[in-house]
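Hi,

Here is the structure I promised to pass on.

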Amino acid sequence: MSVKPLAMRDAFLERIWLAMAEDSKIFFTCADFGSPVLDKIRADFPDRFVNVGIAEQNLINVSAGLALEGYTVFAYAIAPFITMRCYEQVRVSLALLSEVRPMNVNLIGVGAGYSYVVSGPTHQCYEDITLMRALPNFQVLSPADHVTASAFFDTCVNTSGPKYLRFDAQVLPVVYESAAPDTSKGFHVHKRGETICLVATGYMLHTAIKAAGELASEGLRVGVIDLFDLARFSATEFQDTLKPYVGIVSLEEGFRGRGGLDSMLFEFISRRGLSARMLNIGVEGAYHFELGTRTELHEKVGIGPQAVLNSVRAFAKSLTN
Amino acid sequence: MRNDLIDLRAKAHWVWRETLAVHRRAPETRLASSLSSIEIFVALYYGGVLRFNPSNPRDEERDRCIISKGHGSICMYPILADLGYFPMEELQHVCEAGSFLGGIPDPVIPGYETVNGSLGHGLGVATGMALGLKRKASDRSVFVVAGDGELHEGANWEAIMFASQHKLDNLHLIVDDNRISMLGYTDDIVSHGALTTRLSAFGWDCIEVDGHDVLAVRDALQQQKAIAEGKPKALIARTLKGHGVPGLENAPLSHIINPKPELIDSLLEKTQ
């Protein structure tokens with residue numbers, strides 16, 4: 001039986017709502033941002049829900065204070081605002097302070113990449129992977145479907161420290177129909193290939209899977225990896241997985257060449273002494289104000305399905321020369 | 001010693017001398033803004049206001065004291081040592097390699113709760129703690145010591161609105177109102193006007209006091225602590241930056257002026 005697709009936030013917040021009934025130490029904070037499931041949390045647990053208003057700086061500091069008092073805190077807002085509006089609060093009151101004092105604060109950012117399609121660049125988010133992975137003790141979690149997002153709930157309650165969850169704002173197709181991926185490993189191999197491996201995160205996993213199918217029909221068998229834990233994936237297993245490939249393609253819905261997934265893979269390949277060449281697929285470094293479907297916008301900035309196919313084909317050709 | 005038997009004025013004088021001595025050894029520390037807050041900390045820690053436990057600094061039964069004006073709290077070093085949070089000997093090594101007592105205090109120091117180097121964060125974190133304590137049905141309080149210059153940071157005002165909205169009457173903000181930030185008088189930079197009026201308008205219970213009258217500070221804090229009527233509380237302590245040091249006291253650039261070692265030596269000799 002197929003799994004009905006859900007919004008990541010609804011799947012995740014459902015887990016929080018269920019857990020709040022059992023665990024009186026869970027507290028939910030938000031910066032005036034809702035969801036249908038959030039209405040249940042507000043109604044059923046008014047003492048452990050607080051809306052700070054449109055005030056992300058205070059959202060972070062209040063969440064830190066609650067965590068210092070022993071609460072497991074889930075803080076919820078739109079992705080660019082919960083990361084960039086309050087970056088210093090995130091750095092000082094979560095990243096820095098959690099090195100000295102135990103705290104469990106989980107930032108839920110909704111609106112990864114272009115997922116707020118018609119809202120323009122203020123609400124779209126292309127920089128958060130770069131910024132959040134710059135904080136050494138932050139776990140950065142980037143699911144591709146609601147099944148993975150839901151599984152991250154266990155990671156959040158069972159692991160101390162600050163975490164950032166990068167959720168898509170749209171309902172995405174289900175990738176993990178039969179079972180959730182093993183979140184402890186940090187990545188999941190969807191497909192093994194021969195020469196080239198596509199390493200994608202978030203929404204771009206869907207593009208990668210489609211591209212791999214199309215390329216297979218052309219006789220080019222590429223591997224596909226979903227890298228959903230951008231800070232604490234199992235490095236040894238990841239290295240073993242990448243080792244057979246001569247070409248690695250990073251796919252992210254974020255700026256290209258500015259410290260995101262592509263930089264992370266470059267560093268990884270270099271440090272681990274892998275010899276693979278890289279192709280980076282990401283948003284060309286500029287803000288865009290055009291309207292269109294998400295696919296149309298993606299094509300314009302070089303990360304749409306057709307652009308990916310063309311880039312990977314050319315990359316494959318270059319590897320054989 | 002019982003709190004009511006401690007001579008608070010003598011204690012404040014001792015802290016003033018020790019703070020000068022620390023700065024004499026470690027000129028990287030910020031002296032002027034530490035001298036304006038001495039009586040505030042002495043009233044809190046020796047005046048029977050705060051509940052604390054030096055042998056277990058994170059004791060659940062403590063009142064939380066957030067020292068938001070990080071730079072300006074070097075006077076806390078002798079106080080914490082005197083109270084037994086760490087050996088007095090440590091005061092000899094401030095800013096030295098291997099010491100945990102830096103030019104700006106960090107929460108690696110026993111007795112410090114939060115990160116204080118970057119200004120404007122203490123009050124927000126404190127409101128979260130105060131809300132958490134309320135939800136845990138704890139009767140403990142949260143005290144925040146902030147500078148008036150620090151109140152230029154907008155995040156404070158998010159927290160100020162939040163605290164009154166949630167009736168956090170277990171939250172105390174003490175403003176070391178020395179009216180000078182790094183480059184001059186705050187009234188010439190961005191004036192707070194009458195802080196008492198502003199904070200009252202935001203729904204806070206406010207008292208204004210001479211911040212160098214340690215007994216008045218203690219009485220005001222005790223008075224506010226005894227009341228819980230659904231309002232957060234602010235004590236505006238009118239103080240002088242560089243208090244007691246000629247050339248430094250109330251000088252617009254006192255934050256970045258280091259008095260000459262000979263001046264400190266002569267002050268320490270004269271005021272024994």
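First, a definition: on a 1 Å grid over the protein atoms alone, a cavity is a set of points where a 1.4 Å probe fits but cannot get out, while a pocket is an open set with protein on both sides within 12 Å along at least five of seven lines; lining residues have an atom within 4 Å of a point. Points are joined across faces, edges and corners, and a volume is the space filled by probe spheres set on them.

Please keep in mind that this is a predicted model: local features need pLDDT of at least 70, side-chain atom pairs count only at pLDDT 80 or more, and totals for chains, interfaces and linings use all residues. Residues are numbered from 1 along each chain as its sequence is written, chains are lettered from A and ligands numbered from 1 in the order in which they are written, and side-chain values use heavy atoms, leaving out hydrogens and water.

Cavities

Searching the whole structure gives four cavities of 30 Å³ or more. The largest has a volume of about 70 Å³, and its lining includes B:Tyr45, B:Phe52, B:Arg62, B:Asp63 and B:Glu113. That lining has six nonpolar, two polar and four charged residues (Ala, Val, Leu, Ile, Met, Phe, Trp, Tyr, Cys and Pro count as nonpolar, Asp, Glu, Lys and Arg as charged, and the others, Gly among them, as polar).

The second largest cavity holds about 40 Å³ of space. Among the residues lining it are A:Tyr126, A:Asp128, A:Arg166, A:Glu252 and A:Phe255. Where does this cavity lie? It lies between domain 1 (8-167) and domain 2 (187-320) of chain A, because both give residues to its lining (the bounds come from an automatic or database domain assignment).

Pockets

The largest pocket has about 380 Å³ of space. Of its 20 lining residues, B:Leu119, B:Gly149, B:Glu150, B:Ser181 and B:His255 lie nearest its centre. By class, the lining has four nonpolar, ten polar and six charged residues.

The second largest pocket, at about 280 Å³, has a lining of nine nonpolar, no polar and four charged residues. Nearest its centre are A:Arg133, A:Ala231, A:Phe233, A:Met264 and A:Arg271. Helix H10 (residues 261-271) of chain A gives the largest share of the lining, four residues (helices, H or I of at least four residues, and strands, E of at least two, are DSSP runs numbered from the N terminus). Domain 1 (8-167) and domain 2 (187-320) of chain A each supply at least three residues to this lining.

Salt bridges

Over all chains there are 29 salt bridges (a side-chain nitrogen of Lys or Arg within 4 Å of a carboxyl oxygen of Asp or Glu). One of them joins A:Arg313 and A:Glu218 at 2.6 Å, N to O. This pair links distant parts of the chain, 95 residues apart.

B:Asp82 and B:Lys11 also pair up, at 2.9 Å, N to O. B:Asp82 sits in helix H4 (residues 76-83) of chain B and B:Lys11 in helix H1 (residues 8-25) of chain B, so the bridge ties together parts that are 71 residues apart in sequence.

Then there is B:Arg64 with B:Glu60, at 3.5 Å, N to O. Shared partners join A:Glu69, B:Glu60, B:Arg64 and B:Lys136 into one network of salt bridges. Is B:Arg64 buried or exposed? B:Arg64 is buried, at a relative accessible area of 0%, whereas B:Glu60 is partly exposed, at 39% (buried means under 20% relative accessible area, exposed over 50%, partly exposed in between, with a 1.4 Å probe and protein chains only).

Cheers
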